[in-house]
Amino acid sequence: MTILNPVLGIIGGGQLGSMLAVSAKKLKIKTVIFSDDPEAPAKNFCDEIIISDYNKLKKIDDFVSKVDFVTFEFENIPFNILEYVSKLKPVYPNPSINQIVQNRFIEKEFINKQGVKTTNYILVQNKNDILDNETFLPGFLKTCTLGYDGKGQYMIKNKDDVDDLNIDFKKEYILEKKINLKKEISIILTRFLTNDCLIYEPIENLHVNQILNKSVIPAVIDKNIFIQAQQQAKLLAEKLDYIGTMCVEYFIDENNNLLLNEIAPRVHNSGHLTINAYNVSQFENHIRAVCNLEKIELKKNYNAEMINIIGEEIKTYRTKSYSKNEFFFDYLKTEIKEKRKMGHLTIVNS
Ligand code: ADP
Ligand code: MG
């Protein structure tokens with residue numbers, strides 16, 4: 001189904017929603033954002049915003065009545081809401097994908113079932129599960145649901161650390177063996193309703209305190225890792241029957257093994273450099289895929305580096321001047337918080 005000048009509904013109003021709205025505008029597509037945050041930064045970039053709790057069905061109905069297609073900018077929207085919306089309007093990617101990727105354990109089981117390697121992990125329901133599995137230490141204990149930017153993660157060096165753990169075991173966790181990381185990379189791809197896929201080249205990512213600090217293309221990796229990462233990401237997108245832009249994060253360990261870390265069913269922070277480095281960005285491609293527009297072959301115009309601007313750092317970036325190969329993005333968040341992503345800077349070079 002092709003709709004002339006469709007209106008796109010986006011659930012979630014953070015910086016990813018903002019950048020989607022900017023790309024939509026370029027394609028003359030109007031956006032209506034639904035967010036539960038009265039200060040949602042995307043309100044500065046979209047055509048219309050509805051602020052309400054996600055479970056207010058009257059407001060959801062109002063939102064749905066205004067749009068032709070629906071997408072979302074973060075994966076932790078209550079599944080029943082996305083399912084409700086999908087009965088009324090097409091939602092891409094399909095909400096059932098979130099049931100897999102919203103839960104780290106289910107996600108990793110799914111990935112391994114496709115023959116793709118992840119880190120070794122176990123499901124943890126109490127402290128004894130950790131004490132009985134010392135081979136997984138040192139390791140990262142991660143909540144199965146609702147973690148991001150290292151939130152809900154605990155580094156456990158040895159058995160003694162388990163005593164000091166003060167966490168709520170009503171929730172489920174996974175314990176993952178700590179990898180001696182050589183590198184981290186990500187693959188961004190966009191899959192269209194025609195089942196065609198566009199894949200960006202691997203992006204090399206540097207994390208500081210479990211938060212993305214820097215992304216760079218080209219990634220300095222072996223050719224076989226380059227190919228394997230792209231193939232695995234494409235395979236998973238196909239198995240999920242994914243529509244839109246998605247990201248796959250990988251670890252490369254000290255022995256050059258590629259291990260899949262996680263899938264993000266959305267545009268991704270590591271893909272921000274595609275705005276300035278490519279003819280078509282991850283955001284524009286997402287809009288093109290979910291609104292069933294034409295697919296344009298990818299062309300890289302520049303190599304690039306993207307730096308995340310966290311917390312108070314934004315103040316200096318706001319007052320700096322920039323050269324013509326530097327692109328500063330201010331997310332226009334009203335409150336500066338420690339560890340909060342406030343903006344980014346992309347530097348391109350040919
Ligand atoms: P989030 O959902 O918060 O992004 P991740 O599982 O991707 O959670 O972890 C965030 C970062 O923490 C990773 O990108 C990596 O730098 C580090 N990390 C997580 N798990 C491991 C591990 N098993 N071994 C080594 N580093 C890890
Ligand atoms: Mg991650």
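Predicted model: local features only at pLDDT ≥ 70, side-chain atom pairs only at ≥ 80, totals over all residues.

**Entry 1: the pocket.** I started with the lining of the second largest pocket and asked which element gives most to it. It is α1, which supplies six residues, the largest share.

I then looked up the volume, and the second largest pocket holds about 280 Å³ of space. Its lining has 17 residues, and the closest to the centre are Met 19, Val 22, Ser 23, Ile 275 and Phe 329. Next I checked which elements give two or more residues to this lining: they are α1 (15–26), α10 (282–290) and β16 (326–330). By class I get nine nonpolar, five polar and three charged residues in the lining.

**Entry 2: α1 against α10.** Both helices had turned up in the pocket lining, and I wanted to see how they pack. The angle between α1 and α10 is about 70°, and their axes lie 8 Å apart. An angle from 65 to 115 degrees counts as roughly perpendicular, so α1 is roughly perpendicular to α10. I also noted the hand of this crossing, which is right-handed.

Which residues make the contact? On the α1 side I listed Leu 16, Met 19, Leu 20, Ser 23, Ala 24 and Lys 26. On the α10 side I have Phe 283, Glu 284, His 286 and Ile 287. Sorted by class, the contact of α1 with α10 comes to six nonpolar, two polar and two charged residues.

Entry 3: I stopped at Lys 28, which sits in the loop between α1 and β2 (30–35). Its phi is near 60°, a positive value in a residue that is not glycine.

**Entry 4: α2 against α3.** Another helix pair to check. Helix α2 (residues 57–65) packs on helix α3 (residues 79–86) at about 40°, with 11 Å between the axes. That angle makes α2 oblique to α3. The crossing of α2 and α3 is right-handed.

For the contact, I found Leu 57, Ile 60, Asp 61 and Val 64 of α2 meeting Ile 81, Tyr 84 and Val 85 of α3. The class count here is six nonpolar, no polar and one charged.

**Entry 5: cis peptides.** Pro 93 lies in the loop between α3 and α4 (96–101). Another cis peptide bond joins Leu 137 to Pro 138, and omega there is about -10°. I placed Pro 138 in the loop between α6 (127–131) and β6 (139–143).

Note on methods
Residues numbered from 1 in each chain as written. Chains lettered and ligands numbered in written order. Heavy atoms only, no water. Axes fitted to C-alpha atoms, helices over the stretch in contact; angles between N-to-C directions. Helix = DSSP H or I, 4+ residues; strand = E, 2+ residues; numbered from the N terminus. Parallel < 35°, antiparallel > 145°, perpendicular 65-115°, else oblique. Left-handed = near helix turned anticlockwise from the far one by under 90°. Contact = heavy atoms within 4.5 Å. Nonpolar A, V, L, I, M, F, W, Y, C, P; charged D, E, K, R; others polar. 1 Å grid on protein atoms, 1.4 Å probe; cavity = no way out; pocket = protein on both sides within 12 Å on 5 of 7 lines; lining within 4 Å. Points joined across faces, edges and corners; volume = space filled by probe spheres on them.
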